[in-house]
Amino acid sequence: VNFCKKCDTVLANEQVHNGRCWRHEDTEVEFKHLEQWFIKITKYADELLKDIDKLNWPEKIKVMQKNWIGKSYGTEIFFEINGKKWPIFTTRPDTIFGVTFMVISAQHPRLFELVTEKQKKDVENFLKKIKSTSEKEILEKEGVFTGSYAINPINNEKIPIWIGNFVLADYGSGMVMAVPSHDQRDFEFAKKYKLPIKLVIQQVNKEINEKNLKEAYTDEGKLINSKQFNNFNNKEAINNITEYLQKNNLGKPAIQYKLKD
């Protein structure tokens, strides 16, 4: 939560102005972990979603409600980090061979399990810099290396784990697999910090490669650099790769909601 020491209370994102409390411009807001009461509205997410169509509301409002609940089908992939399995939710398992780094939320409760002694000072300085940033502010994507690595379960590649100011702690598992060749946000982050970019979806009519990529390629195509899944259409490969991961106990189908308790 956002917390103001001077008010001794929690603030909504809208009450954080330029990293400071709206009541006290001289007081920096900090992120704090607090025990709180929650209403378990997620238990009713499907019911709420299904019954929107029964409402005599303007279509625009119905769409907004559906987006607010935000049901998304995807895959939970088990990445090994420091000998432990970390489930990572993605809607794009077709790009798993293109993962070149991971990004964990700066507010993740288990963040310091991943921070090595060598990186501790850099991480603390980074967290101090961004600790008072509202999720709704438009930010330049920034990050810092944790010192730890994840193992990609599909090819056993060692992947660096970064902290990023653009990953939300309460979506999925609070960590994302970054595929800079096929996600614009990841592409910008990779360019900024000179991280590898690996193409795994080839455009059908015009051949592209990592060197001539000026932005992430986000359209359909055939898989490349993906071992036994090469030449599959990437949309079809979503199910194929999910099935492979499930069969080998490396992942499973999953559903996530934007709606939170």
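Residues are numbered from 1 along each chain as its sequence is written. In this predicted model, local features need pLDDT of at least 70, side-chain atom pairs count only at pLDDT 80 or more, and totals for chains, interfaces and linings use all residues; side-chain values use heavy atoms, without hydrogens and water.

The predictor's confidence in each residue is given by pLDDT, from 0 to 100. The protein chain has an average pLDDT of 91, and 97% of the residues score at least 70. Among helices (DSSP runs of H or I, at least four residues) and strands (runs of E, at least two), numbered from the N terminus, confidence is lowest in β5, with a mean of 82, and highest in β9, with 98. Over residues 134-138, pLDDT stays under 50. Where pLDDT is low, the predicted coordinates should not be read in detail.

Helix α3 spans residues 120-130, and its buried residues (under 20% relative accessible area, 1.4 Å probe, protein chains only) are V123, F126, L127 and I130. Seen down the axis of α3, these residues fall within an arc of 100° (taken from the directions from the helix axis to the C-beta atoms), so they line one face of the helix. An α-helix has 3.6 residues a turn, so residues three or four places apart point the same way. On the other side of α3, K121, K128 and K129 are exposed, meaning over 50%. The cover over the buried residues of α3 includes β5 (30-31), β9 (143-151) and β10 (158-164).

Key: Contact means heavy atoms within 4.5 Å.
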